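I opened a new page for this one. These are my notes, in the order in which I looked things up.

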Amino acid sequence: MLVFVTVGSTKFDALAQAVLSESVLKSLHDKGYKYLVLQRGNSDVGISEETLSLRREGVDIEAWKYKASIQTDIERADLVISHSGSGTVLDVLRLGKPLIVVPNPTLLDNHQEELASELENLGYLKAASVGNLQETIANFEPSSLVPFPPFDGSAFRALVDEEMGFQ
Amino acid sequence: MSIITFSGVLILLALTVRTFAILSGYPRRPKPSEQNLSNSKTRSVAVFLGSGGHTSEAMMLVSALDFSRYTPRTYVVSEGDTLSAHKATTLEQSKAASLSSSNTQMRRQYNIEIVPRARRVHQSLLTTPSTALLSLMFCIYLVSIKPLFAKSGFRRPFADVLILNGPGTCVILCVAVLLNKFIGLPSPRIIYVESFARVRSLSLSGRLLCRIVDRFIVQWPELARRDSRKEYRGWLV
């Protein structure tokens, strides 16, 4: 099985380093994830190459600095671990992929935490921190998640139609 | 001297009243349904694509509209944001493919406008006023000057409705619309949709614009509490 990890387009050193750590990789391996694709952005993980393949703890890893599109990576993945940016969260949940989010606490105007905990309360995803990522993966049951509702444009269409005088 | 002072006070008073009238919405500006939009069956729409998650949300909102009603469409994109421009083109192509052949005149009726950013990421606060001013000048051109020379005639605003989702530069665009209103030119209705990411607190753009725009929509119920100006209608994206 394949796990896709994205830290967003900026940097999130702690998350990128955590997923490459021995304990997290072991947990992933135990759960059957033998392949990992990481988009690290500008995070510092001791890799300078744009893209690099390596193998650690029995997991084949592909580390990318930046991918032009992560759509196919999400589609291929059996599990996604991501920062809690709303764009990525919506994309992953709409594709019906199990999602563990780790809010980035270093962002100035931090609202990632709010979104993560609210969506977790509704059962759509699992929220973790860098500190408890390993335990979260070990205890994660994708089947316990609530399916995310599909996009429904009718409410906004009705609102604009009403504002513009279409009945 | 006293005449100059007197006329100065009078002008100031007039400007204050006008500003207040615009911001309070009194006298109430009629909705396009109540105006004679030259009996047009279509409305023009403009949307600001703020890059990243903002662009994703704005594109989902636009995709919800019936393109045979909302035409032409203007996508306002920040300078250098090729990804947003690309997303706009992709949506237009997929919509064109799904529209029936009887609607061929509705196809490809869109344009992409590029505005300078009010503030680049990591830009020094010292130089922000000058880039914001450049951005404002361009927005004024887009909102007030360009429509004067449009084929549709100057009685039509640059768009009938303007959809905003943040961030920064959309405030500048909104200021340009306010100035346009101030001098009495036809202006778009502004619908601001706060980002899905905002659960318990408004964004800076949201806080700046919530008293100014015609409709202010939030996507989490807590944000609409204790304020009737903020509407909650469930998730829109």
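Before anything else, I wrote down my rule for a salt bridge: a side-chain nitrogen of Lys or Arg within 4 Å of a carboxyl oxygen of Asp or Glu. I also noted that this is a predicted model, where local features need pLDDT of at least 70 and side-chain atom pairs count only at pLDDT 80 or more, while totals for chains, interfaces and linings use all residues. Residues are numbered from 1 along each chain as its sequence is written, chains are lettered from A and ligands numbered from 1 in the order in which they are written, and side-chain values use heavy atoms, with hydrogens and water left out.

**Entry 1: confidence.** I checked the scores and found ipTM 0.88 and pTM 0.86.

**Entry 2: chain B.** I looked up helices (H or I, at least four residues) and strands (E, at least two), taken as DSSP runs and numbered from the N terminus. Chain B has 6 helices and 7 strands, and along the sequence they run α-β-α-β-α-β-α-β-α-β-α-β-β. Of its 237 residues, 48% count as buried; that label means under 20% relative accessible area, with exposed over 50% and partly exposed in between (1.4 Å probe, protein chains only).

**Entry 3: a salt bridge inside chain B.** I picked B:E113 and B:K146, whose closest N and O atoms are 2.5 Å apart. B:E113 sits in strand β3 (residues 110–115) and B:K146 in the loop between α4 (128–145) and β4 (161–164), so the pair ties together parts 33 residues apart in sequence. B:E113 is buried at 10% relative accessible area, whereas B:K146 is partly exposed at 32%.

**Entry 4: where the chains meet.** How many residues of chain A are in contact with chain B? I got 30, against 37 residues of chain B, with contact meaning heavy atoms within 4.5 Å. The two chains bury about 3,100 Å² between them, 63% of it on carbon and sulfur atoms; this is accessible area (1.4 Å probe) lost on putting the two parts together, summed over both. A:F156, A:E163 and A:M164 supply 25% of what chain A buries here, more than any other three residues.

Entry 5: I looked at B:R69 with A:D161 at 2.8 Å, N to O. B:R69 lies in the loop between α2 (52–63) and β2 (70–78) of chain B and A:D161 in helix α7 of chain A, so this pair joins two chains. B:R69 is partly exposed at 24%, but A:D161 is buried at 9%.

Next I took A:E163 and B:R189, which meet at 2.6 Å, N to O. That pair crosses from helix α7 of chain A to strand β5 (residues 189–193) of chain B. Are its two partners buried or exposed? A:E163 is buried at 1% relative accessibility, and B:R189 is buried at 10%.

I also noted A:E162 with B:R233 at 3.5 Å, N to O. Among the elements that supply at least two residues each to chain A's side is α7 (154–163), and α7(A) gives the most, with 8 residues.
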